[in-house]
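Welcome, and thanks for taking a look at this one. Here is a short briefing on how two chains meet, followed by a visit to a single residue.

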Amino acid sequence: MTVGKDVSALFPDVVNCMQTDNLELKKLVYLYLMNYAKSQPDMAIMAVNTFVKDCEDPNPLIRALAVRTMGCIRVDKITEYLCEPLRKCLKDEDPYVRKTAAVCVAKLHDINAQLVEDQGFLDTLKDLISDSNPMVVANAVAALSEIAESHPSSNLLDLNPQSINKLLTALNECTEWGQIFILDCLANYMPKDDREAQSICERVTPRLSHANSAVVLSAVKVLMKFMEMLSKDLDYYGTLLKKLAPPLVTLLSAEPELQYVALRNINLIVQKRPEILKHEMKVFFVKYNDPIYVKLEKLDIMIRLASQANIAQVLAELKEYATEVDVDFVRKAVRAIGRCAIKVEQSAERCVSTLLDLIQTKVNYVVQEAIVVIKDIFRKYPNKYESVIATLCENLDSLDEPEARAAMIWIVGEYAERIDNADELLESFLEGFHDESTQVQLQLLTAIVKLFLKKPTETQELVQQVLSLATQDSDNPDLRDRGYIYWRLLSTDPVAAKEVVLAEKPLISEETDLIEPTLLDELICYIGTLASVYHKPPSAFVEGSRGVVHKSLPPRTGSSESAESPEAAPSAGQAAEQPAVIPAQGDLLGDLLNLDLGPPVSGPPLAASSVQMGAVDLLGGGLDSLMGDESEGLRSDVGGSPAMGGSGFTAPGPAAPAGMGAPLGSGLGDLFDLTGGVGTLSGSYVAPKTVWLPAMKAKGLEISGTFSRQVDSISMDLVLTNKALQVMSDFAIQFNRNSFGLAPAAPLQVHAPLAPNQSVEISLPLNTVGSVMKMDPLNNLQVAVKNNIDVFYFSTLYPLHILFVEDGKMERQMFLATWKDIPNENEAQFQIKDCSLNADAVSSKLQGSNIFTIAKRNVEGQDMLYQSLKLTNGIWVLAELRIQPSNPSFTLSLKCRAPEVSQYVYQAYDAILKN
Amino acid sequence: MIGGLFIYNHKGEVLISRVYRDDIGRNAVDAFRVNVIHARQQVRSPVTNIARTSFFHVKRSNIWLAAVTKQNVNAAMVFEFLYKMCDVMTAYFGKISEENIKNNFVLIYELLDEILDFGYPQNSETGALKTFITQQGIKSQTKEEQSQITSQVTGQIGWRREGIKYRRNELFLDVLESVNLLMSPQGQVLSAHVSGRVVMKSYLSGMPECKFGMNDKIVIEKQGKGTADETGKSGKQSIAIDDCTFHQCVRLSKFDSERSISFIPPDGEFELMRYRTTKDIILPFRVIPLVREVGRTKLEVKVVIKSNFKPSLLAQKIEVRIPTPLNTSGVQVICMKGKAKYKASENAIVWKIKRMAGMKESQISAEIELLPTNDKKKWARPPISMNFEVPFAPSGLKVRYLKVFEPKLNYSDHDVIKWSSSTFREHLPGPSTQIDRPCGSSGSRLSCLCSVTTHAATEVQNQGTSTIKLLFCWCLTTCIIS
């Protein structure tokens, strides 16, 4: 307005004009104040008086103007003077003033949240929700929603059936903008049952006919969210689905910018509930005059809706698009044809022939794009369409983009046995090897090795050439490493090499481009907002605390589909997934070596002796140590003995593990522990793994784990599972200070990035030299885990027995003396119920976990065991365990100089004895 | 919510900048200019995220309007608001141009202050705004007037002020339809839908209650239940409406329950409803373009139009616009009927026919000389467009009645409607898809957009003291085929 000139020097003169009767001039003065008050805070005080006076003007427009402007002046001193007028205006008789004052509370909260709370404005604001004027209600809702967002914990907008009813009534009466505020607020409400959800839905559906697209989208959001709660068998559910489609289609005749927003949202809705729009394919056909961003989005949705029923039409359209002018659009259209082939199996043949037609056009970028997608089609339908290879080879020279070249090389390598001149073709690429991009180089290397394995006699020279190019002349570590792997594989064991390199590849599926379910559910709660346009959660693009509140869909009531939530899937699911963690070695290796965008592999050791070992190393976390793997296998033979992996643990065998032979497992070290001598040995008890960090809370990373103790070392056994659709890497872990100074003894090593739906098992060694801080409860451990996505926090309770040290056996005399020495008030008594072991079994079982029996007495038919144990920090705990043969419940008396540990020792006893 | 609003001219200079939130710094203005207005390639999305700040923009002629935010705002709302802002500005000072904005900048700031508070859109109905934001300076209002203004701005009927008086009560109703048609190369219709708009201009006194009825299938069937006789008659004439949306003045809950459209109209022009139909669409014209490429410097174009309605009806004022490539150097046209001319400034051949009866055909052929160019980029093949007037609506929509009832002033109307005439405009496919195919055989796909405006004029007898005149007349229709 001032053309960029700073006119703050005129401040006093302008303020003098404030007391004018001319409303227009007053507005301009106020505008000036808003812009410059911050640069002249002292002068701004001069204006306060007029503001306060204006707030009592008989003209409601002036009262509102004053209160609106004051809220925009972000000068602390002025803010103090604002409170009184604001309080008055909130109760003004004129609705125009009240609605302005409602927004002003939000302004004030933004400047000084504490002040708003202290002055009790929030309560006044809440009262305004029941105001008679709909616009006041709408603004109050908007203000409260904003304040509530910055205080996720506060129960500001405590929505209950009564207030919801008020909002729904106001919904029919207020302006279009007000309706948006109210609908957005309603979407945050969680109805208590499906009946309530249905009645809200019924009252919201008329909004779908509103001319304002934002009202429609907000109504769709409410309906999509509450529909979760309705049972699918309900008639109403079907009606609602039918009612949702027409308004969504109508949004496509809005202005292009709104169409874009609508299409981004439809993309989400189609993924969540494909049934809504499955018959509406035609409306997504691209129009000549659509802007490019609308065209691209429509294309995306067309593919999502493609099915066997409509594939012919879709293909005809896509073929037409591939002859358009805009390069990006054409490329995407060609790619879409490939995606259709992968998605709808019946159409694959037609898609391939369409792609071949397109290749015949010889338009450079069309041909290249077509080759890239044909490669994918080969991955999905191997040995079906190889007849087209000849046509592809004709276009070899026109390829200039790395992706297309890499795809073509992959095809040549994969089908080398069918292409007579494969060696010539690859050789031609080899000439400019160093000028190629890494992607092409890697692919070329793999392709030539494949060719060599298929036709060893003619291509020896070629393979040597590429290996030396890759290993000696290249600076790229990925390329060099892959070269070395192949070289060694080929020189040590060509048969194994064949198995590895030519291994069968898993089929690809079309699911790869879908949004992961947890994110999708969250985005459904943000329909209409920026998050749904970006397809990212708000935390990804909003700074600070605002909007970081995680929203989730309500659970469905009255049906069995609730098993979707990760918390509800206990360790049973974990066990079921276990086999997927460690696939057969051959497969994994083959996969690794064949992937063109493979993970950054760590360098193989140069020791020429062990190609085998090098390969195993590459597998990283999956096969962390062969030892661990073997013992796991053994353990399942042993049966009911304590298991480390947890896989065998969900169904423990019949009781009395003490009777079993010496288990290997994690207690291997105990075999050599000769201090005992009472009965058989058994391994230190390890609790089954529990989920510490559910995937919902950690952007798809699920962590479950347990603690275990082997000779002199404590470890934390973790299973990291990637439930997101994104590769995770760069893991690190840290502990907060805790009662016993537990700290990781080594960094968290996850060797390879964790691919989606993979898990990795890690044993993290711990020590007790970290800094100490007393926690409550005592055995609480707060952990932070970082990966490439974010940092996540969780806390867990560790069983105390992992802290029981091996030299915890006290001398008999010493025991007696100490027992007497510790005052009686430090003694704690506990009951261990439902334990049917005899005294010997008990003592041997406890010994496995470093609780040592010093003496055993039989008093009046009861067995008394006297035991001692020592914690890592040197605290001794003495125990007396009374076992009555007839009574399954034992009495445990613990004496310790630090009585607060007793309770946790008891818990450890209880856990050990019951497992 | 919206953190700020900027208006730029085509050079990227800021004309208006109004910041509502503290989190939007001054650099945001420049960020948008550098990254969007001066961006090298075409803008690929109307929403841009630059350094965690989101920019929403719309463009009107060569003026950019951008809303800025750092929060997760309702994106649909922001765009709706920007359109609304354009409407309000147009209502106040006409076309949105750099000059008009500069001349009215005080007014714009005043408006921005009123319709957006702390980033929350407030009442933005022009009718209401004009009562207290004027360019004439504020007259000293009486207390009643003031409270009337405020209660109107915040009230249930925020779009209409009280105490409007006209000596002649008049109401105009236009039905505009655009037909979107997709045809296969064999001439088979793949999909067609009509999206129509009902636009109303009301000059009525007081607070009139209006009720609008059309030949909507659901309503007619519901009524027909009582008298089976009527169903037979009206069944043919009713149309199935797929979906419709309404201006905020329409009582949506009433439409949802009874499917009746009742409202208190704003004063002046507004869009009452939009609707969409897909069934039984009548296409008044067929356009068959043939294009032949003769060498690199010559194109032969032949366009045939066929009228596809009853021979007794007459289409009028037909205008066909055939786009030509940008490197055209000269055109020779021969047409059997009407007049045709090449307009170099518009890159098109314009062919005009005064009238044409139903079930007839006519053709034009043109030779286009091209300048040789190095430009490898293909010609984008814009669609052929066509304007005309015909006396029916493609969707078959008819206005059955429009009832007006004003309880205080007690004027009313008779629901008598006489149709007088109708106009269409239609755009047909360009030399489009044939351009690459030598000796263009007819066909390929066409999609056409055609819109109808209906004005019907009726004289209404009054019951009370005042007279109201309902004027319905058909006018415009647009069709695009691409």
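Buried area is the accessible area, taken with a 1.4 Å probe, that two parts lose on being put together, summed over both. By that definition, chain B and chain A bury about 7,900 Å² between them. Please keep in mind that this is a predicted model.

**The interface as a whole**
- Carbon and sulfur atoms give 55% of the area buried between chain B and chain A.
- On the chain A side 90 residues take part in the contact, and on the chain B side 87 residues do.

**Polar and charged pairs across it**
- Seven salt bridges are counted between chain B and chain A.
- A:Arg68 and B:Glu114 form a salt bridge, with their closest N and O atoms 3.5 Å apart.
- The interface of chain B and chain A also has 32 residue pairs in polar contact, where both residues are at pLDDT 80 or more.

**The chain B side**
- Helix H2 of chain B (residues 75-93) supplies eight residues, the largest share of the side that touches chain A.
- By residue class, the side of chain B that touches chain A has 33 nonpolar, 30 polar and 24 charged residues.

**A closer look at A:Thr446**
- You will find A:Thr446 in helix H24 of chain A, which covers residues 438-454.
- A:Thr446 counts as buried because its relative accessibility is 0%, and the cut-off for buried is under 20%.
- Its side chain makes a polar contact with the side chain of A:Arg482, at 2.8 Å.
- A:Ile409 lies 37 residues from A:Thr446 along the chain, and their C-alpha atoms are separated by 9.1 Å.

Terms used: Residues numbered from 1 in each chain as written. Chains lettered and ligands numbered in written order. Predicted model: local features only at pLDDT ≥ 70, side-chain atom pairs only at ≥ 80, totals over all residues. Heavy atoms only, no water. Contact = heavy atoms within 4.5 Å. Salt bridge = Lys/Arg side-chain N within 4 Å of Asp/Glu carboxyl O. Polar contact = N/O pair within 3.5 Å; in protein donor to acceptor, adjacent residues only side chain to side chain. Helix = DSSP H or I, 4+ residues; strand = E, 2+ residues; numbered from the N terminus. Nonpolar A, V, L, I, M, F, W, Y, C, P; charged D, E, K, R; others polar. Buried < 20%, exposed > 50% of the residue type's maximum accessible area, 1.4 Å probe, protein only.
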